[in-house]
Amino acid sequence: MTSPDPAARRTFDLVLFGATGFTGGLTADYLAANLPGDARWALAGRSRAKLEAVRERLALINPAAADLELLLADTAEPDSLHQIAESARVVATTVGPYLEHGEPLVAACAAAGTDYLDLTGEPEFIDRMYLNHHATAVRTGARLVHACGFDSIPHDLGALFTVKQLPDAVPVTIRGVMRGNMMISGGTFHSGLEQMSRLPRMQQAAAARKKAEPQSDGRRARARAGVPRRDGALGVWLLPLPTVDPQIVRRSAAARADYGPDFTYSHYVGLQKLRTLAGAIAGFGAFVTAVQVPPLRRLIGRRLPQGEGPSEERRASSWFTVDFIGTGGGKQVHTQVRGGDPGYGETAKMLAESAMCLAFDDNPPTSGQVTTATAMGENLLRRLSDAGISFSVIEEKM
């Protein structure tokens, strides 16, 4: 791996912050089972007792984990986060909602030249971290990589995989269509509630970022909202998804010349029935209206408390697909990303493999706030394919 000094001489290759939480625990399990034998890693969190319980569980997966170091840190105590950042080459965090808890660790990693990864799907958080810490990270050599779970790896790397099936140096248009069977945890639910209640501030952050970002190099990369409609190629109804994923894909396209001179991406959920589409549109509108009212937002939040998640049996029956229809240079390609439980099992895998990719692989030289496709690209594609997440070509047409 190409690492700026002094990060290459740090005590730990990787620190996982938030291992006592639901998704953090799954990520810790995956790391214990899959890290190289000589990897130097540690667990970080607020409670030593809870960290010790996680370490005991990990030792059943990998006896070497019994000797893991435990680092006490709290997002309310910036000095503790700086100590972690300065001891590690890579820090991965599952501690959200990130708007509430995330910035102190981003700041510590940017200042220390430490690579940072998280699971956020919060557009406002990502934009504010760019505004506040991108320039520092460019100076120190840190890579700040947000959205390293189901938001937004299947979409970001799926679009990259699709681009690679199309001719070079031509305008490219891709639509991604997500389908699945899944449940969300309390943490994810509350993060979404917070975002939907902050729409004006989210728009302000996006506008400020757009103003601050460098001007185009002559290439064009766009994320287009799209409209509800029938998809003849996939045989489903399309509902535009107001998630962070299209912006992540667009930023990857803007950063990588191999996406062509003019790139457009649109993003949907695929539904089988028209009445389901109509119900989803009405339900989402009512939800957004309700969460603007604090008492209603609190009432909705009580339905799924933070710290809770689906059972192992429910996760085992969960799955996702993201189909991509890409066109360019007179060719059309249908590709697909497929995996198991997207919110937890596969998200933990994605975060863990991303952390190992940054720590151990020879990635392209880059720094600042970057996407997974920009920071790790083909290396992470290979890792996730080897780990059981499928990237495949379904059909090609000329």
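**View 1. Arg-382 counts as partly exposed, at 41% relative accessibility.** Here "partly exposed" sits between buried (under 20% relative accessible area) and exposed (over 50%), worked out with a 1.4 Å probe and protein chains only. What you're looking at is a predicted model, so keep in mind that local features need pLDDT of at least 70 and side-chain atom pairs count only at pLDDT 80 or more, while totals for chains, interfaces and linings use all residues. Residues are numbered from 1 along each chain as its sequence is written, and side-chain values use heavy atoms, with hydrogens and water left out. The side chain of Arg-382 meets that of Asp-361 in a salt bridge, 3.4 Å from N to O. Arg-382 belongs to helix H16 (residues 377-386) and Asp-361 to the loop between helix H14 (345-360) and strand S14 (368-369), so this pair ties together parts 21 residues apart in sequence. A salt bridge, by the way, is a side-chain nitrogen of Lys or Arg within 4 Å of a carboxyl oxygen of Asp or Glu. Helices (H or I, at least four residues) and strands (E, at least two) are DSSP runs, numbered from the N terminus.

**View 2. Asp-361 also joins Arg-383 in a salt bridge, at 2.7 Å from N to O.** Arg-383 is in helix H16 and Asp-361 in the loop between H14 and S14, so the two tie together parts 22 residues apart in sequence. Are these two residues buried or exposed? Asp-361 is buried, with a relative accessible area of 10%. Arg-383 is buried too, with a relative accessible area of 16%.

**View 3. Asp-127 and Arg-251 form a salt bridge, with their closest N and O atoms 3.0 Å apart.** This one links distant parts of the chain: Asp-127 is in helix H6 (residues 123-140) and Arg-251 in helix H10 (residues 245-255), 124 residues apart. Both Asp-127 and Arg-251 are buried. Across the whole structure, a search turns up 22 salt bridges.

**View 4. Seven strands make an open sheet with parallel pairing.** Read across it and you get the order S3-S2-S1-S4-S5-S6-S14. Strand S3 (69-72) and S14 stand at the edges with a single partner strand each, so one side of each has no neighbour in the sheet. Two strands count as paired if DSSP finds at least two bridges between them. Strand S2 (residues 41-45) and S3 pair in the parallel sense over 4 bridges, and Gly-45 stands opposite Leu-72 in S3. In general, strands of a sheet pair through backbone hydrogen bonds, either parallel or antiparallel.

**View 5. Helix H1 (residues 22-34) lies across strand S1 (12-17) and S2.** H1 runs at about 155° to S1. Axes here are lines fitted to C-alpha atoms, for helices over the stretch in contact (heavy atoms within 4.5 Å). Angles run from 0 to 180 degrees between N-to-C directions.

**View 6. Strands S12 (residues 319-328) and S13 pair in the antiparallel sense over 9 bridges.** How many residues lie between S12 and S13 in their hairpin? There are 2, and Gly-329 in the turn has a positive phi of about 60°. Gly-328 stands opposite Lys-331 in S13.

**View 7. S13 also pairs with strand S15 (residues 390-397), antiparallel and over 7 bridges.** Look for Gln-336, which stands opposite Ser-392 in S15. Why is S13 called largely enclosed by the rest of the structure? Because 7 of the 9 residues of S13 (residues 331-339) are buried.

**View 8. A cis peptide bond joins Gly-96 and Pro-97, with omega about -5°.** Pro-97 lies in the loop between strand S4 (88-93) and helix H4 (98-101). Another peptide bond, from Asp-151 to Ser-152, is cis with omega near 5°. Ser-152 has its place in the loop between strand S6 (143-145) and helix H7 (153-163).

**View 9. Ala-147 and Ala-169 each have a positive phi of about 60° although neither is a glycine.** Ala-147 lies in the loop between S6 and H7, and at 3% relative accessibility it counts as buried. Ala-169 is found in the loop between H7 and strand S7 (172-181), and it is exposed, with a relative accessible area of 64%.
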